[in-house]
Amino acid sequence: MTAFTIRVPDEVADRLNQIAQKLDRSRSYMAAQAIEDFVSREEWQLAEIEAGIAEADRGEFASDDDVARVVGKYVKATSRS
């Protein structure tokens, strides 16, 4: 394991301490968990972005009809009065 020091605002440290206390964990454990969760989420998001760029580079786009069908699922047609 690697140890390093970070600086956070006092308010954030206090909030982290409160969470750690409520969960009966150390502040260090909670900080490490938060960093691990952040890294995992960022890795996933970057992989999805890279996959989307690769699809676009291959010319794999939705047609106008495909987009209209998806939008139609979530947007109700407004009736004119």
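**View 1. Confidence along the chain.** The mean pLDDT of the chain is 92, and 94% of its residues reach 70 or more. Among the elements, helix α1 (residues 10-22) has the highest mean pLDDT, 97, while helix α3 (residues 64-74) has the lowest, 91. Where pLDDT is low, the predicted coordinates should not be read in detail.

**View 2. Helix α2 from end to end.** Helix α2 runs over residues 27-57, which makes 31 residues. Just after α2, look for G59, which takes a positive phi of about 80°.

**View 3. P9, ahead of α1.** You will find P9 in the segment before α1. P9 counts as exposed because its relative accessibility is 53%, and the cut-off for exposed is over 50%. From P9 to S28 is 19 residues in sequence and 16 Å in space, C-alpha to C-alpha.

**View 4. R25 and the ring of Y29.** Here R25 lies over the face of Y29, at 4.4 Å from the ring centre. As for pairs between aromatic rings, the count comes to zero.

**View 5. The largest pocket.** This pocket has a volume of about 720 Å³. Its lining is made of 20 residues, and I6, S28, A31, A32 and I35 lie nearest its centre. Helices α1 and α2 each supply at least two lining residues, with the largest share, eight residues, coming from α2.

Notes: Residues numbered from 1 in each chain as written. Predicted model: local features only at pLDDT ≥ 70, side-chain atom pairs only at ≥ 80, totals over all residues. Heavy atoms only, no water. Helix = DSSP H or I, 4+ residues; strand = E, 2+ residues; numbered from the N terminus. Expected span 1.5 Å × (residues − 1). pLDDT = per-residue confidence, 0-100. Buried < 20%, exposed > 50% of the residue type's maximum accessible area, 1.4 Å probe, protein only. Phe/Tyr/Trp six-rings, centres within 6.5 Å; stacked < 30°, edge-to-face > 60°. Lys NZ or Arg CZ within 6 Å of the ring centre and 35° of its normal. 1 Å grid on protein atoms, 1.4 Å probe; cavity = no way out; pocket = protein on both sides within 12 Å on 5 of 7 lines; lining within 4 Å. Points joined across faces, edges and corners; volume = space filled by probe spheres on them.
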